[in-house]
Amino acid sequence: MRRGIQQFQKGLATCGYLTSGRGSTRAVGVSLVVSFHTTTTTTNTTNKTSSLSGGGAGNFGVQAPGSSKYSPPINHKCIVGAVSFSAAAAAVSSSSAVYAKEPVKPEFLPKDVVLYQYEACPFCNKIKAFLDYYDVPYKVVEVNPISKKEIKWSEYKKVPILVVDGQQMVDSSEIIDTFSNKILHPEKSISKEDDTEENQWRRWVDNHLVHVLSPNIYRSGSEALESFDYISSHGNFGFMERKVAKYAGAAAMYFVSKKLKKEHNIIDERAALYEAANTWVEALKGRDFLGGATPNLGDLAVYGVLRPIRYLTSGKDMVEHTQIGEWYTRMEKAVGESSRKKAEA
């Protein structure tokens, strides 16, 4: 078991669990290898500290996009009084809503898309949210978090890895930028670094929101084990592989979450999560989505990283104690059925 935990921890830069958010080369997506057809581009990228990063319910507040000053830290003793959404109102409004997707021209769709992932990885889920929303068929290969045997063929030893028509792509935000340019906006180039409201919130997801998730998902031993239940039903693993991955993985992530909590100056995990959720709701400014009548890449980024926790204890607490539930329900309806099923049918 100890060996399993050590092996798991060696790979925990994967999925951003050991990222510092301060320009560390361990940050998500250290390098990008993108190739469509015969063109190959290699770009070294490093997450930069920005005013969008924050500790969340720690000793300092979070400067959200569009804000001229730091919002004060939330006193976790006051969280109990947070306003929760009305389930009845949500049911009435969401049941009648139909959200049209932006269609992708068939000639721009790739022929073969394979995602190498961890089912519970927020960055992998960010890519799946994008692919599902735009109805891009894809297959999934579940990577063993201990052995990583499924990606031994690649020099890049993290997930997500997306293979598009035989070409490898890495870094979730870069993958989404590249896909958007190829299938949605071939006439122009977009980048997460462009200073738009949409991209400011995408950076907020990468630089702040994801760092709040791990301390919540793995807050206790039982919650850590809960988060690894997916190992029992995903991936082509043997009985012992599943047991080692689940228990060694849960143990490793429990200790890693404590390290991340300290690194990111988080005092109360739940308070930080609730603060982030309500910050996002405020950003909507009464709109159904950040994109207005339909989701944009900012919506898909937030929805994607929250999707793996939504029905865990931490996600249920988040919906109960914040106002994010109505938006999340709208996003579920807008994203619709997974295009993964179509690819694997």
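## A predicted single-chain model

Tyr247 lies in helix 7, which covers residues 239–263. Although Tyr247 and Ala224 are 23 residues apart along the chain, their C-alpha atoms are separated by 9.0 Å.

### The chain as a whole

The chain contains twelve helices and six strands, and of its 345 residues 56% count as buried. When contacts between residues at least 6 apart in sequence are considered, 72% of them join residues at least 24 apart.

Four strands form an open sheet with mixed pairing, and their order is 4-3-5-6. Strand 4 and strand 6 stand at the edges, each with a single partner strand, so one side of each is left without a neighbour in the sheet. On average, and with direction ignored, neighbouring strands of this sheet are turned by 25 degrees against each other. The residue ranges of the strands are set out below.

| Strand | Residues |
|---|---|
| Strand 3 | residues 113–117 |
| Strand 4 | residues 139–142 |
| Strand 5 | residues 161–164 |
| Strand 6 | residues 167–170 |

In general, the strands of a sheet pair through backbone hydrogen bonds, in either a parallel or an antiparallel sense. Here strand 3 and strand 4 pair in the parallel sense over four bridges, and Leu115 has Val140 in strand 4 as its bridge partner.

Two helices can be described together with this sheet. Helix 3, made of residues 122–133, lies across strand 3 and strand 5 and runs at about 155 degrees to strand 3. Helix 4, made of residues 172–184, packs on the sheet and touches strand 3, strand 5 and strand 6, while its direction makes about 125 degrees with that of strand 6.

### Confidence along the chain

How high is the mean pLDDT of the chain, and what percentage of its residues reach 70 or more? The mean is 76, and 68% of the residues reach 70 or more. Over residues 16–56 the pLDDT stays under 50, and for this stretch the model has 115 contacts beyond four places in sequence. Residues 58–62 also have a pLDDT below 50, and this stretch has 26 contacts in the model beyond near neighbours in sequence.

Definitions and conventions:
Residues numbered from 1 in each chain as written. Predicted model: local features only at pLDDT ≥ 70, side-chain atom pairs only at ≥ 80, totals over all residues. Heavy atoms only, no water. Buried < 20%, exposed > 50% of the residue type's maximum accessible area, 1.4 Å probe, protein only. Contact = heavy atoms within 4.5 Å. Pairing = 2+ DSSP bridges. Axes fitted to C-alpha atoms, helices over the stretch in contact; angles between N-to-C directions. pLDDT = per-residue confidence, 0-100.
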